[in-house]
Amino acid sequence: MRALCWEGVNKLSVQTVPDPTILNDHDVILKITRTVTCGSDLHLIGGYIPFMRAGDVLGHEFVGVVVEKGPAVKRHQIGDRVVVCSFIACGNCWYCKNELWSLCDNGNPNPGITEGLWGAAPGGCFGYSHALGGWAGSHAEYIRVPYADRGAFRIPDGVSDERALFASDSVPTGWTGAHLGGTQPGDVVAVWGAGAVGQMAARSAMLLGAEKVVVIDRLPERLEQVRRYVGAETLDLTETETLPALREMTGGRGPDVCIEAVGMEAHSAGGQHVYDKVKQSLRLETDRPAALREAIMACRKGGSVFALGVFGGFIDKFPMGALMNKGLTFRGAQQHGHRYIADILARMERDEIVTDHLATHTMSLEDGPKGYTMFKEKTDGCVRAVFVP
Ligand SMILES: NC(=O)c1ccc[n+]([C@@H]2O[C@H](COP(=O)([O-])OP(=O)(O)OC[C@H]3O[C@@H](n4cnc5c(N)ncnc54)[C@H](O)[C@@H]3O)[C@@H](O)[C@H]2O)c1
Ligand SMILES: [Zn+2]
Ligand SMILES: [Zn+2]
C-alpha cells in the first residue's frame, strides 16, 4: 500500500510499504477514508522528538471503514464507519480502569526509551515514534487498530467523516485540558494557541460551563475562526500585551484556568525568543516554553494551569516561584480520548461541537509533503491539511 513516511529531519515522501494484517484477535484493519495533520507531527518532523526511523508511517488522527476483524472483536462489523482514538489503550490495566487511558501500561510495547527519559512510560500512539510504541500511522491506505473494541468508535449516521475525523485527537485533547484543568461553571478560562487543539479546548471549556473563554494567538485568520465557529473571545499577541489584557478582562484577578495548547515550539518576542531558540538548537534545553511561562504568570492565585501542548524534555526559566507562591495546581496529559469520544460524537451530531472549518485544505497522500509544509509554515490560512488516501 501507499503511505506517507518520515525519511529524515524535515523530509517526507510517499512510499510503498507492506499491507497491515491482523496480528491479534482484538485487531481490526481499517481502510482509511480521511487522515489529518496534527501540531504534534511537527515536533517529530523537525527532529525535536528524536525517536523516528526512516520509513516510519506518520499520522494519528483518522477515520475509516472496517475491512477485516479479529475473532475477539465484538463491537465492530465489516463495513462500519469508525473514528479511532490516537492513543492505544487496553481497557484492562490499572490506568485504563482509572480513566487515565493515554497512560495505559499495555499500549506501548517499547517502554524502555521513555522509562529512561521520564521515569515511566506513557501509553502508545499511532505514528508517533518509537518512544510511543513504534506503531504505524494513519497516513496510508490501511491501518491495523489494536484493542479495537476500546479504541474505535462507530460514527453516528448524522455525523460526516469530515467532522468525525477530529474526534480522534483534536477534540478529545481539548476536552481533556478543559475537564482535567478543573473548569467549573462560571469560570474564566484562557487558552494559549488557536490551532485545532486550542480551539477545541476553548469550545470544551464553554460546554463545561465557563462564563468567559479567551484564546490567545498571533495568527489573525485563526483568531477569526475562534470568534466565528467557537464563540470565544480572542487576544492577538502581536497587538496586545497578554498579561495586562487578561487582568483587565478578569477584574484584576487573572483567569481561573489557563490551558497551554502551543507546546515545545512556541513563538515569542525579543530576548526570550533568542534565548530559547539558541538553547534549543544547542540542545541545552529541549523545548521552547514561552506560552507555558505566560500561562503560569497569568493564572489567578489558587488557579489551575494545564499543559496540553507537547513537551519532550527539559525547559529553562520555569517560573517555579509563581507556581508555588500563588498556590497553583499544575497538570498536563496526553489526551484520554477513550473517556470522552462517545460523548463528543453525540455532541457533534447535535452541532454543539463543530470542526468542519478546521479542515482548511484537503488533498491526496501524494501531496502530503506539500500539505505539511503549508501546515508548518501556516501559509494560505492552513489550520489542518486533510489527506484522502
Ligand atoms: N496532549 C495531547 O494529547 C495533544 C494532542 C494533540 C496535540 N497536542 C499538542 O498541542 C499543541 C497544539 O497543537 P495544534 O495541532 O493546535 O498545533 P498548531 O501548530 O496548529 O497550533 C499552534 C498554535 O500556537 C500558536 N502560538 C505559537 N506561539 C504562541 C504563543 N507564545 N502564545 C500563543 N499562541 C502561540 C501558533 O501561532 C499556532 O496557531 C502541539 O504542541 C501539539 O503537539 C497535544
Ligand atoms: Zn495529535
Ligand atoms: Zn490499559
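Predicted model: local features only at pLDDT ≥ 70, side-chain atom pairs only at ≥ 80, totals over all residues.
Local features need pLDDT of at least 70, and side-chain atom pairs count only at pLDDT 80 or more, whereas totals for chains, interfaces and linings use all residues. Residues are numbered from 1 along each chain as its sequence is written.

Visitor: Which residues coordinate the zinc ion (ligand 3)?
Guide: Donors are N, O and S atoms within 2.8 Å of the metal (3.2 Å for Na, K and Ca), and water is not among the atoms, so sites may look incomplete. Along the chain, the donors here follow the spacing C-x2-C-x2-C-x7-C. At 2.3 to 2.4 Å, the SG atoms that coordinate this ion belong to Cys-90, Cys-93, Cys-96 and Cys-104.

Visitor: What is the geometry of the site of the zinc ion (ligand 3)?
Guide: Four donors count as tetrahedral if all angles lie between 85 and 135 degrees. The angles among the 4 donor atoms are 101 to 118°, and the site is tetrahedral.

Visitor: Is Cys-38 buried or exposed?
Guide: Cys-38 (SG) coordinates the zinc ion (ligand 2), together with His-60 (NE2) and Asp-169 (OD), at 2.0 to 2.3 Å. Buried means under 20% relative accessible area, exposed over 50%, and partly exposed in between (1.4 Å probe, protein chains only). Like His-60, Cys-38 is buried.

Visitor: What is the relative accessible area of Val-274?
Guide: Val-274 is found in helix α10, residues 270-281; helices (H or I, at least four residues) are DSSP runs, numbered from the N terminus. Val-274 is exposed, because its relative accessible area is 53%.

Key. Chains lettered and ligands numbered in written order. Heavy atoms only, no water. Tetrahedral: all angles 85-135°; square planar, octahedral: opposite > 155°, others 65-115°. Helix = DSSP H or I, 4+ residues; strand = E, 2+ residues; numbered from the N terminus.
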